[in-house]
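Colleague: I am new to reading models like this one. Please show me the picture first, and then let me ask about the words used for it.

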Amino acid sequence: MNCKNCDEPLEHGAQFCNHCGARVILEPFTFKYVTQDFEERFLNLDRNLLVRTFRDMLLRPKEVIDGYIDGVRKRHMNLANWLAVAITASGLMIFVIRNIYPESLDMQWMIDAMGESSKDNPFFQNMEQQDPTENMWWMEYQAILYILMIPIYALLAKITFIKQKAYSYLKHIVIVGYTQSWLSLAMTLPVLILLPFGANYMKMSYWVILIQFLFSAYVYKRMFELSFLGIVWRSLLFILVGIGIYILLVIAVVIFMLVFGTAFVA
């Protein structure tokens with residue numbers, strides 16, 4: 001008898017293939033088998049990689065991330081699958097927001113908070129007149145933006161922890177990838193629960209940013225075994241590095257437009 005996955009010969013009585021590690025399935029495809037398989041994969045905490053990865057990223061992120069870097073693949077979801085699940089969850093949330101609860105994108109509360117000063121501001125006047133979903137065109141590309149931000153965050157983290165030689169830039173991408181994916185999954189369900197009760201997504205996004213920053217700091221504190229003051233200092237340094245890179249990018253764009261702007265106008 002050969003393995004159904006890799007077609008290599010199986011030992012007599014084997015429950016798993018010695019070549020690819022796949023489980024040997026001998027039971028007929030019945031409703032009972034489907035039920036048991038579903039329970040084993042999705043309801044059993046010890047065998048459900050998704051739930052286990054989510055739980056361990058909260059309780060022991062260093063074990064998950066270092067395990068993946070060191071080649072452990074059976075205990076937790078690999079980075080590619082973890083990212084795919086997170087992007088899918090985020091995409092579902094964006095679809096629900098734009099198509100079912102577009103009113104949650106309304107920015108009128110910001111205009112009201114600005115008071116009289118917003119009346120003469122063309123930006124706020126245009127925002128007030130437009131459909132809320134028109135200002136959120138970027139949501140259609142959120143999966144691309146999500147992936148592009150990972151190497152940027154990883155670069156900031158690498159500069160912040162430049163003296164920590166144990167983790168290369170590539171390893172920081174792994175850290176950020178696992179961290180941001182956990183945040184995406186953790187934020188999706190609460191947002192979907194609150195939307196039917198009239199919650200404003202744009203207001204919630206500020207809390208999401210705060211939680212994102214705090215959880216990222218927590219993960220790096222666990223990864224590098226830093227003290228409380230140590231992670232506070234690193235967090236401030238991360239912010240300063242980010243601001244510095246942003247200013248440099250703005251200057252570069254301005255210089256580029258000054259030098260080549262006439263070519264675009266022509």
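**Testing the terms**

Modeller: Residues 24 or more positions apart make up 63% of the contacts in the protein with a separation of 6 or more; contact means heavy atoms within 4.5 Å. This is a predicted model, with residues numbered from 1 along each chain as its sequence is written: local features need pLDDT of at least 70, side-chain atom pairs count only at pLDDT 80 or more, and totals for chains, interfaces and linings use all residues. Side-chain values use heavy atoms, with hydrogens and water left out.

Colleague: How many helices and strands does the secondary structure come to?

Modeller: The protein has 10 helices and 0 strands. Both are DSSP runs numbered from the N terminus: helices are H or I with at least four residues, strands E with at least two.

Colleague: What makes helix 4 roughly parallel to helix 8?

Modeller: The axes of helix 4 (residues 79–99) and helix 8 (169–194) cross at roughly 30° and come within 9 Å. Helix 4 is therefore roughly parallel to helix 8, because angles under 35 degrees count as roughly parallel (over 145 is roughly antiparallel, 65 to 115 roughly perpendicular, the rest oblique). The axes are lines fitted to C-alpha atoms, for helices over the stretch in contact, and angles run from 0 to 180 degrees between N-to-C directions.

Colleague: Which residues of helix 4 and helix 8 meet?

Modeller: Among them are Trp82, Ala86, Ser90 and Met93 in helix 4, and Tyr178, Trp182, Ser184 and Thr188 in helix 8. By class, the contact of helix 4 with helix 8 has 15 nonpolar, 5 polar and no charged residues. Ala, Val, Leu, Ile, Met, Phe, Trp, Tyr, Cys and Pro count as nonpolar, Asp, Glu, Lys and Arg as charged, and the others, Gly among them, as polar.

Colleague: Why is serine 90 called buried?

Modeller: Serine 90 has a relative accessible area of 8%, and buried means under 20% (exposed is over 50%, partly exposed in between, with a 1.4 Å probe and protein chains only). So serine 90 counts as buried. Serine 90 is in helix 4, and beyond its neighbours within four places in sequence it is in contact with Gln142, Ser184 and Thr188.

Colleague: Why does aspartate 66 count as buried?

Modeller: Its relative accessibility is 17%, so aspartate 66 falls under the cut-off and is buried. Aspartate 66 lies in helix 3 and touches Tyr167 and Met223, not counting residues up to four places away in sequence. The buried residues of helix 3 also include Val64 and Ile65, and what covers the buried residues includes helix 2, helix 8 and helix 9.

Colleague: What makes glutamate 225 exposed?

Modeller: Glutamate 225 has a relative accessible area of 65%, which is over 50%, so it is exposed. Glutamate 225 is in the loop between helix 9 and helix 10, and has a positive phi of about 50° although it is not a glycine.

Colleague: Which residues have the most contacts inside the largest nonpolar core?

Modeller: They are Met57, Ile65, Tyr178 and Tyr220, in a core of 33 residues. Such a core is a set of buried Ala, Val, Leu, Ile, Met, Phe, Trp, Tyr and Cys residues joined through side-chain atoms within 4.5 Å. Helix 8 gives the largest share of this core, 9 residues. Methionine 57 is in contact with residues including Ile65, Tyr178 and Phe215, its neighbours within four places left aside.

Colleague: At what angle do helix 8 and helix 9 pack?

Modeller: They pack at about 145°, with their axes 10 Å apart. Among the residues making the contact are Trp182 of helix 8 and Phe215 of helix 9. The contact of helix 8 with helix 9 has 16 nonpolar, 5 polar and no charged residues.
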